[in-house]
Amino acid sequence: MMRIAVLGGHGKTGRAVAAALADRGAEAVPLGRDAWPDLPGALAGCGAAYLIAPNLHPDEPAYVGEALAAMSAAGVARVVYHSVASPYVPEMPHHLGKAASEDLVRRSGLAWTILQPGAYVQNLDLAGPSVSVPYDVDAPFGLLDLADLGAAAATVLLEGGHEGATYELASRQVTTRQLAAEAGLTAERVADPGTHPWLTAMFGYYDRHGLPVGTLPLRALLGRP
Ligand SMILES: NC(=O)c1ccc[n+]([C@@H]2O[C@H](COP(=O)([O-])OP(=O)(O)OC[C@H]3O[C@@H](n4cnc5c(N)ncnc54)[C@H](OP(=O)(O)O)[C@@H]3O)[C@@H](O)[C@H]2O)c1
């Protein structure tokens, strides 16, 4: 059975990837903070790694650089890096950190694939009575379902032909108002809670531009809409 390390594997993204790997008969090895004192040791015996940085990591390129060095030291041959759709957006600092990290991945010497996910549909609370977001409810998005992300990650990790590829991933293109209406709900714009300056920058960008993402690469990877 192929052993695949999932860095950040205990978070919501990592759990979706690990579940999809298990569905395909692979062994996922989730690695969190406690693996970092000896990351090469934790990676030993893994044929590939799925690399997820923690949300809003203050220095994602440093985290990714350290992880790539540990993979090389441990003899991990393949890396799939979990980036973001539209990484090069100077207005969004955490996207820029992923753009710089993509460059490190491409120059790592490992066989690499980069996934660029859109915002998760699970970020939205569809429990009602209304869907609240701190940006324009009519802004266009390519939203990604975490189950689709997991399935796509398993495909690129377990099947050949994806080395050197960068895929943007969205399950569907939709606005918050449309998604809410489908659930029988209204959509409302609320004030930015101001929890983190990078999130404030992101909500401002979302307000002006949304985050459109194409759906065809995911459809091709999954072989279904
Ligand atoms: N939310 C979205 O819509 C969206 C869209 C596209 C991309 N992304 C990206 O997806 C990534 C993952 O998001 P997530 O919400 O799944 O992650 P998360 O829950 O914030 O973190 C994932 C895991 O990282 C580990 N971790 C935390 N701090 C760490 C540190 N300093 N060093 C090493 N490991 C650490 C934790 O594992 P332990 O608790 O086991 O230590 C945690 O479970 C982020 O990079 C985000 O930008 C998110």
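A residue counts as buried under 20% relative accessible area, as exposed over 50%, and as partly exposed in between, with a 1.4 Å probe and the protein chains only. The views below show a predicted model, in which local features need pLDDT of at least 70 and side-chain atom pairs count only at pLDDT 80 or more, while totals for chains, interfaces and linings use all residues. Residues are numbered from 1 along each chain as its sequence is written, and side-chain values use heavy atoms, with hydrogens and water left out.

**View 1. Thr195 in a loop between a strand and a helix.** Thr195 belongs to the loop between β10 (186-189) and α7 (197-209), where helices (H or I, at least four residues) and strands (E, at least two) are DSSP runs numbered from the N terminus. Thr195 is classed as exposed because its relative accessibility is 60%. From C-alpha to C-alpha, Thr195 and Ala44 are 38 Å apart in space, and 151 residues separate them in sequence.

View 2. The ligand is surrounded by 22 residues, of which the closest are His10, Thr13, Ala53, Lys98 and Asn123; a residue is taken as near a molecule if one of its heavy atoms lies within 4 Å of it. By class, this shell holds nine nonpolar, ten polar and three charged residues, where Ala, Val, Leu, Ile, Met, Phe, Trp, Tyr, Cys and Pro count as nonpolar, Asp, Glu, Lys and Arg as charged, and the others, Gly among them, as polar.

View 3. In the case of Tyr120, a polar backbone atom is 2.9 Å from an oxygen atom of the ligand. On its own the ligand has 930 Å² of accessible area, and the protein covers 79% of this, as computed by the Shrake-Rupley method with a 1.4 Å probe.

**View 4. Gln116 and Glu102.** Gln116 lies in strand β5 (residues 111-117), and Gln116 counts as buried because its relative accessible area is 12%. The side chain of Gln116 makes a polar contact with the side chain of Glu102 at 2.9 Å; such a contact is a pair of N or O atoms within 3.5 Å, and within protein one must be able to donate a hydrogen and the other to accept it, while residues adjacent in sequence count only if both atoms are side-chain atoms.

**View 5. Val79 in strand β4.** Val79 is placed in strand β4 and counts as buried, since its relative accessibility is 0%.

View 6. Most residues other than glycine have a negative phi, and most peptide bonds are trans. Leu56, in the loop between β3 (48-51) and α3 (60-74), has a positive phi near 55°, and at 24% relative accessibility Leu56 counts as partly exposed. Ser86, in the loop between β4 (78-82) and α4 (93-106), has a positive phi of about 55° although it is not a glycine, and at 32% relative accessibility Ser86 counts as partly exposed. A cis peptide bond, with omega about 5°, joins Gly128 and Pro129, and Pro129 lies in the loop between β5 and β6 (130-133).

**View 7. Arg15 in helix α1.** Arg15 is found in helix α1 (residues 12-23), and with 49% relative accessibility Arg15 counts as partly exposed. The C-alpha atoms of Arg15 and Gly65 are separated by 23 Å, the two residues being 50 residues apart along the chain.
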